[in-house]
Amino acid sequence: MSATFDQLPELAAETIRQALAAGATDAECTISEGDEFSVNVRMGEVDTLKEAGSRGAGLRVLIGKRMGASYTSDLTPDGIGQMVRSAIDLAGLTTEDPHAGLPDADALGSLKGDLQLYYAETASIPTEEKIDAARRAEAAALALDKRITNSEGGSFDSNVGGRVFANSRGFLGAYRSSYCSITAVPIATLDGAMERDYWFSLARRRSELEDAESVGRKAAERSLRRLGAIKVETQKVPVVFEPRMARSLLGNIFEAVDGRSIYRDASFLAGKLGEKIAVDNFTLIDDGTIPGLFGTSPFDDEGVPTRRTPVIENGVLKNYLLNSYTARKLGMKTTGNASRGITGNAGIGHGNFYLEAGTRSPEEIIRGVKNGFYVTELIGSGVNTVTGDYSRGAVGIWIRDGELAFPVSEVTIAGTLQEMLTGIAEIGNDLEFRGSVSAPTIKIGEMTVAGR
Amino acid sequence: MSFADSFFAAKFGITTRDLEGYLSVALDRGGDYADLYFEYLATSSISIDESIVKSATQGVSLGVGVRVISGERTGYAYSDDLSPEKIRHAAQVAALIASAPAKVGKVPLHEGAKRNLYPVLTAPSETAFRERVELTQRADKAARAYDPRIFQVQVVYADNLRQVLVATSDGVLNFDRQPLARMSVFALARETGGIPQQGHAGGGGRYELDFFRTERTPEHFAREAARQAIVQLDAVEAPAGEQTVVLGPGWPGVLLHEAVGHGLEADFNRKGVSAFSGRIGQQVASPLCTVIDDGTLGGRRGSLNVDDEGNETQSNVLIEKGILRGYLQDKLSSRVTGATATGNGRRESYEHIPMPRMTNTFMLAGESDPEEIIRSVPRGLYCANFGGGQVDITSGNFVFSASESYLIEDGRLTRPVRNATLIGNGPEAMKFVSMVGNDLKLDEGVGVCGKEGQSVPVGVGIPTVRIDRMTVGGTA
């Protein structure tokens, strides 16, 4: 159990050897470890402090075209032995799947060079410094305005982890990653009604984080601008998504280009490759290779190197995101987008999934709207990527004559993803990589806002 | 069963003396309270897609979480290694939340009362894997047989068996064996050349595997998923704006979970950040509404013999005839506010700090005939099924997404409508409940509730209710 990270690749390779010896014709082993730290400071006092680490190993075996999978948190020889037996047993109970298999050997590999995912210093930030950053973020939020009356706190999180992957086709790779973040969640009050919002900064190391006070102030400004929100009348208007919300829209599109929903014909984008599905200046990229970013990794969860894949280029659907299984199903090649926990069949994940920036500033975009809705938060799961039907709860600011006029809440915005993509009227120049999905401001020509 | 025969004592040789030792390490730095949560979780899952059993997975994880409370502060650490030195190390790390000489005297551990809400001899996880594969295959077959327009079916069966042991510095020693199983069926239907539509159904609970042979068969869930997909083929655009809404019985109880349940969790109210904070005794719903959270219903997905802090679960009245009565408590909030424990302290796993959470949340039946409720509406929306929901507990705004609903025209259900989100404000929305049916139904056992990154199984239930005014997020 006390093996160091450097010893884990050998453990993964040994697991593969055991699986093959036990009768597997192919095998994949993932081992992951992580150390987490989090502190939350609320109303100036430490509220919670958590610190721990854990490890887990997973195995997937194929016996011919049948799969079995298992996992364990017990990395002793006994634990590994049990995991191998368990996966082999299960492979006897599944059905032959003609498309089951590992990626071809020539598809395997890992990006070279330092991807800047890991900084050892992130693991050794002094606890006092982390508490102090959380405290300062909250204090700055509380100090900004007397209407900031309460808080869910300021927090500092850090996480250092590692991932190892080995398969029976000769792949053995490992990488580590680190991140830390500062978050503030202040509460603003007006006439007894409360509003909450948040802001955060996320980085691979402490020195790249935004300063704590700035995070706190931005969070407070966001909570304050929601005060006094009203419900507007039901109407069809232009809707502007701020970058954080445009990101959530990209998340919906990601689901619709996931190879699994494509081969099942369970996506409104199935069968649309090569077709114009969005406006001319809409270019959506998945790129897992950009150093330092949060969607970057040297290889995917099947040992295939990550890459840059244009998903939509100038409005034309160019590529789906695939692992080796969905690629075989569709008669295509993997795009290096395999993703999984530590066991089971690989699903699909994205690298850095982003919409290319346009030319106009968000202020110019808002100035161009006579009567419309600037969306700053969306809630609920009302997006159906099979049909494209879109209906979500929304919070934001009403735009009147090109100005942000008054806050709005308890309304929904609705339409279809098809119409939204072809109805994008503007794309902002404010693209920032704040997580693994990134987008600038987007204006959609018309959606239904339901309220009173 | 006595502690000596319990899972952790038998398998890992843990003694009450060991537990008392770890608790004193945890309180060494002056903490007011400490607890240990040992968890051994065995899970299995099977998934069928395109009539192929594409995946079968099983595994185990185990670990212990150590918590120390000092005033309102919480220190937490965990270990996935149950060796005494690793547990002591976790206790030392959690202890650092306090900084004073040790002050809590040692309290000997006493085993809590025993009851069993899920007397399952052989948990589904302990049955032959093949039996579970066969049940899963039956669902695939039945969904495909339902209608030739069904063209894709996915079935996921998953079960787990969780062994837990809780020991606290106020002397509580409790252990529990918690089985859970669930089957979910997803079906896609389309007319030739048309747009696909989806349907979903599922259920389960803390039962023996026989539940899926006698109570709710794979065919039951399969036909329901297929039926919903077929219904959607004729769906028209949903209306936009304020409507009279009738919720059907069962799963639409997710309304209660979002509109009031989360807002009544005591952590939010202790901090004064919920739209329901400070409103005990006030009218927050129509007098027709009585809402209960009950963790003691036999076999239900949201039920537990003891919560994850070692307290017995119970039946708690949240809203009585429209008046807010109480909050859902965990250890920390009840200590700080002097409230009585309600048995709602839950956590996703040993890696997580417990929080107040719901169990099975439902509204008591009223007196109206459900048919009469629908007849009373000249124009509105009838929602038979929902997907998930979400709430902003601070503003009180909540949403839930209708996955099967129908227009009501002149007191009759007419055309099915497309998916739409419904939105309302917690302390206000339920004041518009004007009729409550006599047909209370609990959901079939699929609910998963997420809060601050932690997922726990829950149940919901509701009779048919009429809500005079609610915003529907359609496009028509």
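1. A residue counts as buried if 20 or more other C-beta atoms lie within 10 Å of its own. By that cut-off, helix α7 (residues 254–261) of chain B is mostly covered, since eight of its eight residues are buried. Named in order, these buried residues of α7(B) are Val254(B), Leu255(B), Leu256(B), His257(B), Glu258(B), Ala259(B), Val260(B) and Gly261(B).

2. Please keep in mind while reading that this is a predicted model. Its scores are ipTM 0.94 and pTM 0.95, and for chain B the mean pLDDT is 95, with 100% of the residues of that chain reaching 70 or more.

3. Turning to chain A as a whole, one counts nine helices and 20 strands. The radius of gyration of chain A is 24 Å, which is close to the 22 Å that the globule rule gives for 452 residues, and therefore chain A is as compact as a globular protein of that length. Along the principal axes, the C-alpha trace of chain A spans about 70 × 55 × 40 Å.

4. The interior of chain A can be described with two further percentages. Of the 452 residues in chain A, 58% are buried; and if one takes the contacts in chain A between residues at least 6 apart in sequence, 72% of them join residues at least 24 apart.

5. One sheet of chain A deserves a careful look. This open sheet is formed by five strands in the order β11-β10-β9-β14-β19 (chain A), and its pairing is mixed. The edge strands are β11 (316–317) and β19 (437–438) of chain A, each of which pairs on one side only. Within the sheet, strand β9 (residues 284–287) of chain A is joined by four bridges to strand β10 (residues 308–313) of chain A, and these two strands run antiparallel; here Leu284(A) stands opposite Ile312(A) in β10(A).

6. Where the two chains meet, the contact takes 59 residues from chain A and 64 residues from chain B. On the side of chain A that touches chain B, at least two residues each are supplied by β2 (45–63), β3 (66–72), α2 (77–91), β4 (148–167), β6 (193–196), β16 (389–400), β17 (403–416) and β20 (442–450) of chain A. Of these elements β2(A) gives the most, with 11 residues. Sorted by class, this side of chain A has 17 nonpolar, 27 polar and 15 charged residues.

7. Strand pairing also links the two chains, for three bridges join β2(A) to strand β3 (residues 73–79) of chain B, and the two strands run parallel. In this pairing, Thr48(A) stands opposite Thr74(B) in β3(B).

8. The last point concerns the division of chain B, for which the domain assignment gives domain 1 (3–232) and domain 2 (240–473). The C-alpha centres of these two domains of chain B lie 23 Å apart, and the contact between them takes 39 residues from domain 1 of chain B and 27 residues from domain 2 of chain B. Among the elements that give two or more residues to the domain 1 side of this contact are β1 (33–49), β2 (52–70) and α6 (218–232) of chain B. The most comes from β6(B), with seven residues, and by class the domain 1 side that touches domain 2 of chain B has 15 nonpolar, 15 polar and nine charged residues.

Notes
Residues numbered from 1 in each chain as written. Chains lettered and ligands numbered in written order. Predicted model: local features only at pLDDT ≥ 70, side-chain atom pairs only at ≥ 80, totals over all residues. Contact = placed C-beta atoms within 7 Å. Nonpolar A, V, L, I, M, F, W, Y, C, P; charged D, E, K, R; others polar. Pairing = 2+ DSSP bridges. Domains from an automatic or database assignment. pLDDT = per-residue confidence, 0-100. Buried ≥ 20, exposed ≤ 12 C-beta atoms within 10 Å, placed from the backbone. Rg over C-alpha atoms; globule rule 2.2 N^0.38 Å.
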